[in-house]
Amino acid sequence: MESSSEIKTKRRVFISTGEVSGDWHGAILIKALRERAALRGMELEIVGLGGDRMAATGVKILGNTVGIGSIGAVEALPYILPTLRVQRDAKKWLKTSPPDVAVLIDYMMPNQGIGYYAKRTLKIPVIYYIAPQEWVWSFDDKNTKAIAAFTDKLLAIFPQEAIYYEKQGTNVQWVGHPFVDLMAQVPDRAAARQHLGIADDDLVVTLLPASRTQELRSVMPIILEAAKIIQTKLPHVKFWLPLSLERYRLDVEKLLKKYDLQATIISDQSQIAISASDLVLSKSGTVNLETALLNVPQVILYRVSAITAWIARYIVKLQLPFISPVNLVNMESVVPEFVQNDAIPSAIAEAALELLVNSQSRQTMLDGYTRVRESLGEKGAINRVADSILDYL
């Protein structure tokens, strides 16, 4: 007969996230949770809201949330009903099979609803990992108070994030950034080029225009126009374009044809393409931090609809110091940002060309990357996250 210490007790973990980056973070967390749980003799059942990457780990996905995310008031309208439907179905399942802990990853407004439900109805601990960046763009403390109200513990990945939420009375643990470990595992430039079949002396620019449907319309045309200008100045340049989602392939191919730009399209290898490149031309987002930790120069841009921009400026009176995570880490301008009306192809191309041909400009940016890296904490962040979650079980 087994002793009580030999019997594994099964615990259920619910993870809620959305969009491409959240799905990726969720999948990485699931792997770490299983590994750390095994060391404790714990058996886990993990269910969640996420996407294909989380599903590929073998967890039960209660609803796919990767394709129903957006940035901006107007841009969000088409996704309200699909999001509510997914959440309704998830709540029904959770009510009949309550988890032992709920873990929320970013995805602010949808996760507020899930957070309150987990806390008030299911009465289970709620842990927020990669909290919304209220410390950057909050114009009042409404959302911050909401997060504090249902969150038992907040696992912060940025030092400023930890300070901000702690001041708001939230139970905070600064775990550091998981990218410190993850990007160290990506092949270096030489190995990445060998993997992709890129010659050592090729001049390569990687284009990262879209992880959301709206960005195919609002950001990708600007990036392609800037790329055309770069090609005019440097005819030997070669463009690579990793897809964030395979279903974007047809739209991406059409846009490349429309703008008469040759680019090699690849799937599921964005980090290798970044590592292999001389420059990254990217929309603002998580990928900017990946690029910085892979030590590749970059130029960043973003644009939302004119209505959303007007609401942000005149109604919400939103004032952002920066939009890219790279610049937000130390509130320092490390990489050039071209936002909204400043997102002009000629200006973006000029900044890109400067980094491609001026070694001093490149080195200045790389020096800034060093400061960013030093502010992201020690290695082992994802294990610290997993251990903190398991402590609640």
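These notebook entries record what I looked up in a predicted model.

**Basis.** I worked from a predicted model in which local features need pLDDT of at least 70 and side-chain atom pairs count only at pLDDT 80 or more, while totals for chains, interfaces and linings use all residues. I number residues from 1 along each chain as its sequence is written, and side-chain values use heavy atoms, with hydrogens and water left out.

**Sheet.** I looked up the strands (DSSP runs of E, at least two residues, numbered from the N terminus). Strands pair if DSSP finds at least two bridges between them. I found an open sheet of seven strands with parallel pairing, in the order β3-β2-β1-β4-β5-β6-β7. Because β3 (60–64) and β7 (172–174) stand at the edges with a single partner strand each, one side of each has no neighbour in the sheet. The twist averages 20 degrees from one strand to the next, with axes fitted to C-alpha atoms and angles running from 0 to 180 degrees between N-to-C directions.

I then examined β1 (residues 10–16) and β2 (residues 43–50), which run parallel and are joined by seven bridges. Ile15 stands opposite Gly48 in β2.

**Helix α20.** I checked burial (buried is under 20% relative accessible area, 1.4 Å probe, protein chains only). Helices are DSSP runs of H or I, at least four residues. In α20 (residues 381–391), eight of the 11 residues are buried, so the helix is largely enclosed by the rest of the structure. Among them are Ile382, Val385, Asp387 and Leu390.

**Aromatic rings.** I noted four aromatic pairs (ring centres within 6.5 Å; edge-to-face means planes over 60 degrees apart). Tyr164 and Tyr165 form an edge-to-face pair, 5.2 Å centre to centre with 85 degrees between the planes; both are buried. Ring pairs also link Tyr116, Tyr128 and Phe150 into a cluster.

Definitions and conventions. Buried < 20%, exposed > 50% of the residue type's maximum accessible area, 1.4 Å probe, protein only. Phe/Tyr/Trp six-rings, centres within 6.5 Å; stacked < 30°, edge-to-face > 60°.
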